[in-house]
Amino acid sequence: MMGLFGDFEEAHDAIADIRRNEVPGLTVDDVTMTSPIEHPEVEEVLGDRPVHIQKFTLFGAIFGVVFGFIFLAAAQASFLVQPQGGKPVIALPSNIVLVYEMLIFFAVWLTFFSFIFLSGLLKKRSSLYSEKVSLDQVAIIVEIDESIGESVKGLFEKHKVLEIREEAIR
Amino acid sequence: MTMVTEKDINEQIAWAKINTDVLKSMENPRPAYWVTLAVCIAMVACAVLAEYIQYTVGMGTADLNNPHMWDMYIAAFVFWIGMSHSGTLLSAILHLIHADWRKPIYRFAEAMTTFSLLTAGIFPMIHLGRVWNLYWVLPYVSDRGIWPNFRSPLVWDAFAITTYLTASMLFLFVGMIPDLAICRDNTTGWRKKLYGILALGWIGSDRQWRHFRKIYLLMACFLIPLAVSVHSIVSADFAMSIMPGWHITSFPPYFVAGALYSGCAAIITLFVLLRYFFRFEDYMTLPIMEKTAKLTFAIAMVWTYLNLIEFASVWYGHDVYNKELLIAKATGAYAWIFWTMLFCGSVLPFALAFRKLRRHMPTMFVVSLFLNLGMFFERWMIVAPTLSMSHEPHQWDIMYGSIVEWAIVFGSFGWFGMLFLVFVKVFPSVSMYEVKEMVFHRKRSAGEEDLARMTDHAKPVTQTTGGGGA
Amino acid sequence: MSLDNILNHWSDYRKGSEDGGHHDYEHRWAMAINLDLCIGCNACSTACYAENNLAVVGKERFEKGQAMHWMRIERYWDQQELEHPEQGASFLPMMCQQCGAATCEPVCPVAATYHTPDGLNAQVYNRCIGSRYCSNNCPFRVRYFNFYSYYDSSWPEPMEQQLNPDISVRDKGVMEKCTFCMQRIRSVKDKAFMEDRPVQDGEVVPACAQSCPTSAIVFGDTMDDGSMVSKLWKKHQVERGVYQKTKLAKKDADLRGYRIFEELNVDPSVMYLERVREDI
């Protein structure tokens with residue numbers, strides 16, 4: 001079930017009510033809020049939902065450094081004809097510059113891919129999507145049993161919902 | 001009474017209006033657009049012809065010689081890489097310090113970054129004697145067991161620019177995803193299909209926003225050191241050599257300052273153009289132009305300082321080569337370029353210090369073009385005089401560029417223009433969701449201010465009402 | 001595999017030229033050029049053109065500075081106080097100095113120029129992609145770029161018959177420079193190897209040394225203490241790998257030896273003996 005609200009405040013209060021268990025059988029974990037802009041303050045009422053992207057970034061950075069240096073040193077060590085110009089075969093200043101770039105390269109790619117997968121972007125959109133969300137309305141989507149449908153509707157109406165849509169999932 | 005300051009953006013703008021205004025900019029273009037696009041394509045055609053001549057006959061058609069082995073191509077390369085830094089400055093640095101006035105203008109700046117890099121990437125190819133072997137610079141496993149020379153700053157360039165181009169494009173793309181969702185919802189036909197694919201199924205759920213905030217912050221954090229390192233590495237092309245006038249330790253910060261400078265000037269140019277042609281007066285407001293101009297002025301002063309400190313260190317040392325080169329730059333064959341550069345780079349920015357001039361769009365347009373001219377001359381001054389007067393007196397020579405070189409440099413501007421023109425018609429050049437955020441937060445803080453003012457005046461102060469959001 | 005390689009030779013691979021580098025030299029070819037004997041006749045330059053298949057670019061391109069003379073005679077008039085200043089012309093035969101710590105080597109993006117075990121700076125024509133950074137970084141400006149393809153303009157029929165078959169003819173887009181007549185060195189070394197003996201002093205004669213009418217150019221191996229070149233270098237107190245010009249004050253007028261741009265620490269292999277100037 002999806003309820004469309006005119007502004008963020010009302011949607012926020014509705015979720016706060018759900019958190020306070022005003023509708024039995026519906027917990028905050030079943031709630032998703034969609035909005036046209038980001039609202040970090042909704043975290044307070046939606047509960048703690050951790051984000052894991054930074055772990056991938058760190059892994060990417062470390063991988064970039066280690067792989068980068070080993071790759072460069074191996075290439076330099078196997079290509080001894082390489083010009084010296086008085087410089088050693090494995091020249092640390094050049095390698096540091098290149099490893100720095102590879103750190104950022106791998107960190108950025110891994111962050112990007114982890115974002116795509118962890119935020120559930122590539123899933124098929126359910127029909128409970130309203131174009132109004134991209135405009136200026138905020139939607140709350142709840143996964144519930146039919147039995148508590150009426151009480152959820154009542155809660156939404158208490159907070160001045162503009163439109164309610166339902167979709168049945170087996 | 002406190003003075004009422006002009007607002008960066010009108011908080012009462014309806015969000016629907018933001019959507020329609022920006023989407024309107026992407027509608028079918030007027031004839032002026034097609035004419036401009038045709039001009040850009042003609043410029044590119046000039047460059048292609050010149051490059052064809054050069055490719056088949058040899059680099060000698062560019063009038064290069066011993067000692068002028070590098071000339072306009074490298075100057076243009078550094079110029080275009082430099083111009084790309086402003087997008088990063090606006091998107092990443094200003095994001096980290098929560099300067100939200102960047103929100104209406106950072107999208108086209110970030111696009112400018114990507115296209116500048118794509119334009120700059122042409123020049124390493126064009127200036128090579130054997131272009132078809134360009135891929136030897138990349139580290140791939142060859143069956144002869146040979147690798148590029150990792151000690152060479154040109155190889156560092158290859159790594160750095162690849163990384164920067166990738167990171168910039170990803171940042172531009174990721175930042176555009178919510179906007180692409182808006183476009184997907186409001187268009188039909190081929191556009192809807194295109195945006196549908198590119199928006200990757202964005203619905204604006206809290207899970208998506210949470211991850212989005214994280215990636216945006218992380219990429220901004222990476223882009224800043226990356227941008228600084230990229231232009232420092234490009235400066236290493238010069239600084240790592242032993243030539244007088246090139247082997248200078250202050251080159252990395254000098255180049256980065258010059259890059260930010262020319263990028264900000266280009267932002268002002270595009271700001272004026274987009275505001276005029278797409279009627280974005282509500283979003284690209286005069287206060288935002290003022291802030292951009294003030295930023296440009298600050299960077300101009302940094303650049304001026306770094307220039308002066310370079311002269312001072314030449315004067316201070318006893319290096320005969322550097323001293324004579326500096327005197328030759330100021331009084332010799334390249335003197336007109338030198339003084340134009342100093343005028344455009346250090347004197348002209350004072351126009352940005354006057355409020356009346358900052359708010360006058362045509363003046364800003366002309367001033368920004370001259371600032372960029374000064375920066376282009378600066379790149380020319382870096383490349384050419386050193387080569388014309390290096391250690392060996394027998395090989396001193398003067399050169400002003402050739403027709404082939406100028407044609408290709410000229411064409412690169414057309415290439416950039418072409419890419420940018422296509423961008424503004426296919427993708428939203430103002431970030432819709434970020435402008436909505438800006439309006440939302442300013443409305444809320446204006447509301448709180450009003451509330452605070454009201455409760456201040458009311459005596460006695462009892463309690464503030466519980467509304468007004470979390 | 002390569003990881004083993006790196007770990008075993010780590011300290012060797014980290015040595016720069018000041019510490020001796022990572023390989024040992026077999027020879028260190030060097031030259032000593034007596035500027036007092038040089039009369040500026042350009043025979044050496046012409047011989048170099050003939051020996052190394054250098055392209056004659058024509059008057060127009062020469063004036064533009066696109067000439068290909070690996071060995072060039074530079075003329076300086078530095079005695080303006082003389083009654084006839086033109087008498088003070090000094091001639092400097094300038095060619096690749098085969099620097100021990102060459103500045104051109106580390107900046108080539110594709111490793112087309114490297115240091116041979118002979119102590120020479122070699123240019124690999126096939127690998128060069130023409131970025132021209134090496135030429136920009138050469139303080140002596142002795143690197144020449146093939147700006148055009150000179151097959152038809154320099155050697156029209158039947159002039160290609162005069163080309164030296166020991167050396168390739170370079171196409172456009174490739175950098176080239178003096179190699180101390182590497183082909184002659186190689187053939188002498190091969191002959192010595194076949195005959196199972198070391199290379200004698202005076203066996204390798206580059207084209208320029210061969211054609212000089214005043215014998216101003218002396219070529220040899222500084223690792224061979226008996227060679228003429230080593231003796232000259234020692235006599236004039238010029239030493240390889242010495243990064244500071246530790247020359248005694250010129251009490252002795254015979255100490256005329258110097259290397260050009262020694263303060264740049266590139267360790268050139270060519271020593272010049274200063275011209276004796278007339279004191280009037």
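Which pattern does chain A follow when read along the sequence?

1. Chain A follows the pattern β-α-β-α-α-α-α-β-α-β, and its secondary structure comes to 6 helices and 4 strands. Helices (H or I, at least four residues) and strands (E, at least two) are DSSP runs, numbered from the N terminus.

2. This is a predicted model, in which local features need pLDDT of at least 70 and side-chain atom pairs count only at pLDDT 80 or more, while totals for chains, interfaces and linings use all residues. Residues are numbered from 1 along each chain as its sequence is written, and chains are lettered from A and ligands numbered from 1 in the order in which they are written.

3. The C-alpha atoms of chain A fill a box of roughly 80 × 30 × 30 Å, taken along the principal axes. Of the 170 residues in chain A, 44% are buried, that is, 20 or more other C-beta atoms, placed from the backbone, lie within 10 Å of the residue's own.

4. Chain A touches chain B through 55 residues, which are in contact with 49 residues of chain B; two residues are in contact if their C-beta atoms, placed from the backbone, lie within 7 Å. Among the elements of chain A that give two or more residues to this side are helix H1 (8–19), strand S2 (31–34) and helix H3 (53–78). H4(A) gives the most, with 15 residues.

5. Within chain A, among contacts between residues at least 6 apart in sequence, 79% join residues at least 24 apart.

Conventions
A residue is buried if 20 or more other C-beta atoms lie within 10 Å of its own, exposed if 12 or fewer, and partly exposed in between; C-beta atoms are placed from the backbone.
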